[in-house]
Number of protein chains: 2
Amino acid sequence: MNQSNCMVAQSGGPTVAINASLAGVIQGVMDSDQYNICYGAVNGVLGILNENYLNLTGIVSEDAGAIDRLKTTPAMYLGSCRHKLPNYKDDDSPYVFIFNQFAKLHIKAFFYIGGNDSMDTVLKLSDYAKKINSDIRIIGVPKTIDNDLCVTDHTPGFGSAAKYIATSLLEIAHDTFIYAVKSVTIVEIMGRDAGWLTAASALARNEYNTAPHLIYLPETVFDKEQFLNDVRNMLKHRNNVIVAVSEGIHDADGNYITASKSAVDTFGHQQLSGAGKALEFMVKENIGVKVRSVEVNVLQRCASHLASLTDIEEAFAQGQKAVSLASSGVTASMVTITRTSNHPYTVEYGYSEICDIANEAKSIPVEWINEKGNDVKPELIEYLSPLIQGEVSVSYNNGIPSYMNVSHLSHS
Amino acid sequence: MNQSNCMVAQSGGPTVAINASLAGVIQGVMDSDQYNICYGAVNGVLGILNENYLNLTGIVSEDAGAIDRLKTTPAMYLGSCRHKLPNYKDDDSPYVFIFNQFAKLHIKAFFYIGGNDSMDTVLKLSDYAKKINSDIRIIGVPKTIDNDLCVTDHTPGFGSAAKYIATSLLEIAHDTFIYAVKSVTIVEIMGRDAGWLTAASALARNEYNTAPHLIYLPETVFDKEQFLNDVRNMLKHRNNVIVAVSEGIHDADGNYITASKSAVDTFGHQQLSGAGKALEFMVKENIGVKVRSVEVNVLQRCASHLASLTDIEEAFAQGQKAVSLASSGVTASMVTITRTSNHPYTVEYGYSEICDIANEAKSIPVEWINEKGNDVKPELIEYLSPLIQGEVSVSYNNGIPSYMNVSHLSHS
C-alpha cells in the first residue's frame with residue numbers, strides 16, 4: 001500500500017481564526033488527489049513527540065457540519081503548546097523522533113498553524129529536513145492577533161480581534177457617555193511590541209462616536225507628563241474621555257509602563273499586565289476625575305461569536321493554499337497574503353521562504369502614527385478597515401454558541 | 001389646548017435592555033390615545049432639574065428604524081444619573097421644581113426605568129404626589145443585570161448579561177483547554193450582593209464543557225481553605241480548572257474578599273474590585289500552578305451585539321405595559337413579570353406597589369446552591385436557562401454595530 005498522508009498542528013496563543021485555517025487544510029486535503037489521511041497532532045509538536053493524533057479527514061467525513069462549525073470555533077481544536085525545539089546541531093533527538101513518526105505515518109507534508117514562535121519551529125524543521133534530504137514539505141500557516149508577522153499583508157486572527165476591539169470600544173463608549181460628570185476610561189488592549197490591535201480601536205469611531213479620544217501604541221515612547229496633558233486637554237472639551245492603550249507601552253529607556261511585572265515565558269517574552277491600571281493611577285493621582293480601567297483580556301482573542309467574516313474566509317483560504325503549495329512541491333515556506341487593491345478590497349495568496357519570516361516582527365510604520373504619538377493617521381484606518389468587514393453566522397444551541405466538541409483536550 | 005403628555009427617564013447602571021424598555025414606552029405612547037408627546041429627561045431626574053428634554057415621539061416619528069435600533073442599543077439613550085432625592089419632609093424644593101415642570105409640560109405620567117436605587121426615586125416621587133394630591137401616574141420599569149429586584153420573577157437586562165457571561169465562559173474554556181499543563185483560571189463576574197449573574201456562568205456547560213468547575217456566590221460564606229481544597233481536588237481530575245466568582249464574595253464576618261477597596265458611592269455601596277485577583281494570589285501562593293484571573297468588566301452589561309432576544313422582547317413589553325398601566329390609572333407601582341410556566345416558558349406582565357419593592361434586594365435561595373457552596377443546583381439552571389434564549393439581530397455598518405446616535409450625551 002502506497003499511502004500518502006499529511007499532518008497538521010496548531011501552536012502559540014489562541015485566535016478566533018486558527019480553526020478556520022485548520023478547516024482550510026482539511027478541506028484542501030479532501031479536495032486534493034495527493035493525500036489520503038490528514039492527521040492532527042494534539043498540542044502542537046508535542047503531539048508528535050507524544051504520538052497523540054486525531055484522524056481529521058475521518059472526523060470531518062463523519063460529521064457533515066464539522067467544517068463550518070470548525071471555522072467558527074475559537075482557539076485551537078487541536079490544542080496548543082509553547083515548545084521551543086532545540087537547535088538540531090545541539091540536540092537532534094527530537095528531530096529524529098519527529099521524522100521517524102512522519103515515516104511511520106507516511107507523512108508527505110506537515111502544516112504548522114501559528115505565529116512568530118511557531119514559524120521558528122517551521123524554520124527548524126525545514127532546516128533539519130534539508131540536512132537529511134527529506135522531501136517532506138514543511139509549510140507554515142500564519143495566525144496571530146498581534147498582526148506582527150513580516151512579509152504577509154496581515155495575519156489571520158487579527159481581523160476578528162480588531163472587530164472585537166472596535167465593537168467593544170463602541171459599546172464601552174455607550175456605557176461611558178451616560179453620566180454627565182467628568183470621567184476618564186482607560187481600555188488596555190493586547191499587543192506586546194506591535195500596536196496593530198490597539199490601533200484598531202479607532203475603527204469604533206462613527207458619525208456620533210469620537211472615542212477613543214487618545215491612542216497610545218508601543219511604537220512610540222510613552223511620556224507620563226504628555227499623557228496627563230493630553231487627558232487634561234480632552235477634558236476641556238468633553239465630559240467622558242476614553243483612552244485606548246497597548247499593554248506594551250514603554251518609556252524612552254524601553255521600560256514597560258505597568259502596574260506589575262512577572263516572569264518571562266519560555267520564549268523569553270516578558271508577560272505584561274497593568275498598563276491600563278498604571279494609567280488609571282496616573283489620572284487618579286494627578287487629575288482627580290472619576291477614572292476606571294478596563295482590561296479587555298482573553299476575550300479579544302477567543303470571541304468567535306463576533307468574528308470578522310473577511311478574516312475567517314481568508315484564514316480558511318490560507319489553509320487550503322498551504323495544501324496546494326505542498327502539492328506543488330513548495331517547502332520551507334509560509335503562506336502569505338498580498339493586498340492587490342483596497343477599493344474594492346482584494347487579495348492574492350502566495351508564499352515566502354520561512355527564513356525571511358521567522359523571529360522577525362512587524363510594527364506599525366511611524367508615518368501612520370500622528371506626530372504627538374496619541375492617535376493614528378487615516379492611512380492606518382484605511383489599512384485596517386477592510387479586515388473587520390462582514391459578520392460570521394454562528395449557530396446557537398440552548399442560548400450559547402454551538403462550537404466544535406473539544407473534549408479530547410480538556411482532560412488531564 | 002388640552003395637551004396630555006408623559007415623560008420617561010433612565011437611571012442607575014447600564015444594561016443591554018434598558019433602551020428596549022425605553023422603546024417600549026415610546027411605542028406604548030404612540031399606540032395609546034391618552035398621551036401626545038413623550039418627553040425624555042436627559043440624565044435621569046437630573047434632566048428634569050436641569051430642564052434638559054428630548055421629544056422622543058418626535059424623534060421616532062422622523063426615523064423609521066429608530067424603535068428597532070433603540071431596542072438593540074446598549075446603555076442609556078437618555079443618559080443616566082446616580083442622584084438620590086432627599087426625603088421631602090427634610091427638603092421639598094426638588095419636588096416642587098419637578099412637579100412644576102410636570103405641570104408646565106402637561107405631564108400626566110412619569111416612567112422611570114432603573115434598578116433598586118431608581119425605584120427609591122419612584123417611591124419618593126409617588127409619596128410626594130400623594131401628599132400634594134397630584135394625579136400624575138408614577139410608574140417604575142425595572143432593569144438591572146444584578147436581577148436583585150423583589151416581587152418580579154427576573155429583571156430586564158439580566159438575561160442578556162447572563163447570555164454574555166455564559167458565552168464568554170464557554171469561549172474562555174476553549175481558550176483555556178488548549179494547553180496540556182495544569183492551570184487555574186478565575187473569572188470575576190459582577191453582582192455585589194446577589195449571585196444571579198455569576199450563577200449564569202453554569203449555562204456555559206454543554207456536552208463537552210464542564211466549566212465552570214467551581215462557582216462561588218455572595219449568598220454563601222467564602223472560606224479560603226475550602227476554596228484551595230476545592231481547587232486541589234479539581235486539579236486531580238483535569239488539567240484546566242475554571243472558577244467563576246462573584247465580585248461580592250465575603251468571609252464569615254461579611255468582609256469582602258478583594259485585592260483592593262475604594263470609597264463608597266453616593267448610595268453608600270462599597271465599590272468592589274479584585275475578588276478575582278485575590279483568588280489568583282491565593283492559588284499562586286498556595287498551589288503553585290499556572291493561574292490567571294479574568295475580570296469580565298463592563299462589557300457584561302453593554303455588549304448589545306450578544307443580547308438575549310427573550311430579554312429584549314420582555315424589556316420592550318414591560319415598557320409598553322408601563323404606559324397601559326398609567327393609562328388605566330395605576331400609580332406608585334413598578335411593572336412586574338410573572339413566570340406562568342417553564343416548559344414551555346411563558347410569562348405575564350403585571351404590577352406591584354412600589355413600597356414593596358424599593359430598597360429591598362433578592363438573593364439566590366440557599367436551596368438552589370449546593371451544600372459545599374461551590375456550585376449551583378439544577379433548579380437554578382432551570383430558572384436561568386429560558387432567560388438567555390434567542391439571539392437579537394444587530395445591524396452592522398462598516399464592520400461595527402449600528403446603534404442609536406447618542407451625541408446628545410457625550411459633550412461637556
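1. A:G191 sits in the loop between β6 (183-189) and α8 (196-199) of chain A; helices (H or I, at least four residues) and strands (E, at least two) are DSSP runs, numbered from the N terminus. A:G191 is buried at 1% relative accessibility, where buried means under 20% relative accessible area, exposed over 50%, partly exposed in between (1.4 Å probe, protein chains only). Leaving aside neighbours within four places in sequence, A:G191 is in contact (heavy atoms within 4.5 Å) with A:D146, A:P218, A:S246, A:E247 and A:G248.

2. Some ground rules: this is a predicted model, with local features needing pLDDT of at least 70, side-chain atom pairs counting only at pLDDT 80 or more, and totals for chains, interfaces and linings using all residues. Residues are numbered from 1 along each chain as its sequence is written, chains are lettered from A and ligands numbered from 1 in the order in which they are written, and side-chain values use heavy atoms, leaving out hydrogens and water.

3. The unreviewed UniProt entry has a "binding site" annotation whose residues include A:I145 and A:G191; such annotations may be inferred rather than shown by experiment, feature names are shortened, and positions follow the numbering used here. A:I145 is in the loop between β5 (137-142) and α7 (158-176) of chain A, and is buried too, at 7%.

4. Now the salt bridges (a side-chain nitrogen of Lys or Arg within 4 Å of a carboxyl oxygen of Asp or Glu): A:D175 pairs with B:R301, closest N and O atoms 2.8 Å apart. That pair crosses between chains, from helix α7 of chain A to helix α11 (residues 299-302) of chain B. A:D175 is buried at 2%, and B:R301 is buried at 16%.
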